[in-house]
Amino acid sequence: MQISVIGAGYVGLTTAACLAEIGHQVLCADSDLDKLKELNAGRLPFFEPHLDALVKRNTASGRLQFTSPAEAIEQGIAIFICVGTPPLENGEADLSAIESVARTIASSARGYRLVIEKSTVPVQTAKRLWKHLSIYNVTGLEFDVVSNPEFLREGSAVGDFFHPDRIVIGAESPRAVALMKEIYRPVLTSQTTCPVHSQCPSSHEIPLIVTDTNSAELVKHASNSFLAMKISFINLVADACEAAGADIAKVAEGMGSDKRIGQSFLNPGIGFGGFCFPKDLQAFVRIGEKLGCDFSLLKEVEKINLRRADQFVAKVKKELWVLRGKTLAIWGLAFKPDTDDVRFAPALNIVRRLLAEGASIRAYDPQAMEKAKEELPGITYCLSHYEAAQGADAVLVLTEWNEFRNLDWDTLSRTVAHPLLIDGRNLYHADEAAAHGFAYICIGKEPHAGTDHVPAANGCEPAPADTVSPVTSASSQPVSVPAVS
Ligand code: UGA
């Protein structure tokens, strides 16, 4: 099918390349001429595993081309709208880019168009789009509007496209449903070779959920908000573990073994970030207000998340006391591994707070340093995590990149000024750190530093001493305490 994708950001470019890979003829458009120039020269505006190869292969075969929105709208029978919906001051999504695409479609396209809303939008946006297209229609355009929310995760977006948990189609006409099924047929019937796995995860039937447009739009906001809630919940439980002397890994395992709860998204840490959860949560709260529904639950989810950075900085200060004049190594800046995206990254938030306290920062991230430099010019960027640790009073792990997992502890011991590891992503084991002479502080477990433990400012009262179970794990062995100046 001749498909156009408007918007060459994380969602648009990935969608365009994947649609081309499954055999469609795709025009991917962006109004940013510099971005188009780069894409036409074979350079991607962001890092996403496997995407580079996919774009190269499909541009070489002629199935994927980059062009202006006007041309894409003229040519594509199915038009995916993948433009940005950034947050406004009041938390609502800014829909001006979507409105502008709709007006261009209404005033310039001829014949029939399937207008597919892929950007994350408030419920009832498809209805508004339909009305807008009707009002501005000067060419006798026939059209359908479909909501087809995306569930691609940055860092694994290509794999997610080929192995979705579900495909949701919100449509109001049989013609629109039939065309959408045609577009996704290669994925739904597994008739395509996945470019990510040499052996794909066992093929199961992919649920195709066909519904009205309002429900499809709500699926997206409700899903992201639910996942955000799950993360804030486990972070609360992690606070309780720290205060009570329990182990969040075991608590999460115990909870997640209940199939109704599930193991995923129960990793505690420094909070969720990225361009989806924080803004979608805020937008959903605003939607609730507009609909007259009480969404205070989600406001709490957001508050808990905002506290995570403060709590992490409190942990650092508890160990190092005054941060002025201290050198801190930062491992990881991206909001999650396998991406160079630093938008709403908790790591950046934490680094800003540490800088405000007077610390010197030496940072390393495998992919995100170029983007981080625009936000945080005043820190030292290093070529490896070991280089970042040079002379550090503490190493702070803020993104769980795989390359941080297999640590050469001896090299690290020789590199740091003090053997103190504060792990915001629970990558290591306390006994392993202790065996190499490191004090190890992580999330949701008792710190193993030999210091007097006062729970960090996490809003939890410490449990009375006589109600705290004795900690008997190997990780409670005494370890060396870093010198505190
Ligand atoms: C999220 C959703 O997972 C996708 O389904 C959705 O399509 C996408 O938003 C979107 O709306 O476009 P993404 O933001 O790429 O995807 O990343 P996630 O893997 O969901 O992680 C989001 C944040 O939650 C990260 O900061 C991550 O570190 C944090 N997280 C995740 C935790 O702190 N703990 C967990 O257990 C899981």
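1. A polar contact is taken here as a pair of N or O atoms within 3.5 Å; within protein, one atom must be able to donate a hydrogen and the other to accept it, and residues adjacent in sequence count only if both atoms are side-chain atoms. The model is predicted: local features need pLDDT of at least 70, side-chain atom pairs count only at pLDDT 80 or more, and totals for chains, interfaces and linings use all residues. Residues are numbered from 1 along each chain as its sequence is written, and side-chain values use heavy atoms, with hydrogens and water left out.

2. An oxygen atom of the ligand lies 3.3 Å from a backbone N or O atom of Phe 151; for Glu 154, the corresponding distance between a backbone N or O atom and a ligand oxygen is 2.7 Å. A polar backbone atom of Gly 273 is 2.9 Å from an oxygen atom of the ligand. The protein buries 92% of the 710 Å² that the ligand exposes when taken alone (Shrake-Rupley method, 1.4 Å probe).

3. The shell around the ligand has nine nonpolar, three polar and seven charged residues, where Ala, Val, Leu, Ile, Met, Phe, Trp, Tyr, Cys and Pro count as nonpolar, Asp, Glu, Lys and Arg as charged, and the others, Gly among them, as polar.

4. Ser 173 is buried, with a relative accessible area of 17% (buried means under 20%, exposed over 50%, partly exposed in between; 1.4 Å probe, protein chains only). The side chain of Ser 173 makes a polar contact of 3.0 Å with the side chain of Asp 144, and a polar atom of the Ser 173 side chain lies 3.1 Å from the backbone nitrogen of Ala 176.
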